[in-house]
Amino acid sequence: MARVIHVFRQPDRFVAGTVGEPGDRTFYLQATEDVRTVSVTIEKQQVQVLAERLSSLLEEIVARFGAEVPETVPDDLVDVDPLEVPVEEEFRVGTMGLGWDAETSAVVIELLAMTEGEVDETVVLDDTEEGPDAVRVFLSPAAARAFAERADRVVRAGRKPCPLCGEPLDPEGHICPRQNGYRRSSDVTDES
């Protein structure tokens, strides 16, 4: 079967979002252009890495190419709306690629479907016939900054971290390795 590459050259929207409750969320990246919407499932850590690398790429673009990249997200690009429904997974993301298209002054994000074997790096950001399905999104530097900021907010919106170990706290609490599993009892009496 031929490789399918979903290309969004001028997306109306490209966002990270979740479905489910904190502790049991599924993360998605969703691209929309005109009437076409494609959603891919992604791991929380991948969303975090993508946001961090995107921010680093934007700094590099300013330094190397002198491109204009806003320090903060313009108000008209702040997106707090939920994902478009129904959310139908196109594929689960395995490999991700980032690039800069100097000709169009656009950040290019490519998300490749998870595969059984190793992915040949030459298929990332390339239109080869062989390789995993992909979603390729072109964003202005301002839209890339907006995506990174929202992705960071989505990742942080989950369960609060334990102040001692940093692991996520469940609603029922958790056994903290920093306390060697010890839980303080609420019925401790003061015997002074």
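A: Leu111 stands opposite Val135 in S7. The model is predicted, so local features need pLDDT of at least 70 and side-chain atom pairs pLDDT 80 or more, while totals for chains, interfaces and linings use all residues. Residues are numbered from 1 along each chain as its sequence is written, and side-chain values use heavy atoms, without hydrogens and water.

Strand S6 (residues 106-113) and strand S7 (residues 134-139) are antiparallel and share six bridges (strands pair if DSSP finds at least two bridges between them; strands, E, of at least two residues and helices, H or I, of at least four are DSSP runs numbered from the N terminus). These strands belong to an open, mixed sheet of seven strands, ordered S1-S7-S6-S5-S4-S3-S2. From one strand to the next, the twist averages 30° (angles run from 0 to 180 degrees between N-to-C directions, and axes are lines fitted to C-alpha atoms, for helices over the stretch in contact).

H1 packs on the sheet, touching S2, S3 (26-33), S4 (36-42), S5 (89-101) and S6, and its direction makes about 15° with that of S5 (contact means heavy atoms within 4.5 Å). H2 also packs on the sheet, touching S2, S3, S5, S6 and S7, with its direction at about 5° to that of S2.

The axes of H1 (residues 44-65) and H2 (residues 141-156) come within 9 Å and cross at roughly 145°. Among the residues that meet are Leu50, Leu54 and Leu58 in H1, and Phe147, Ala151 and Val155 in H2.
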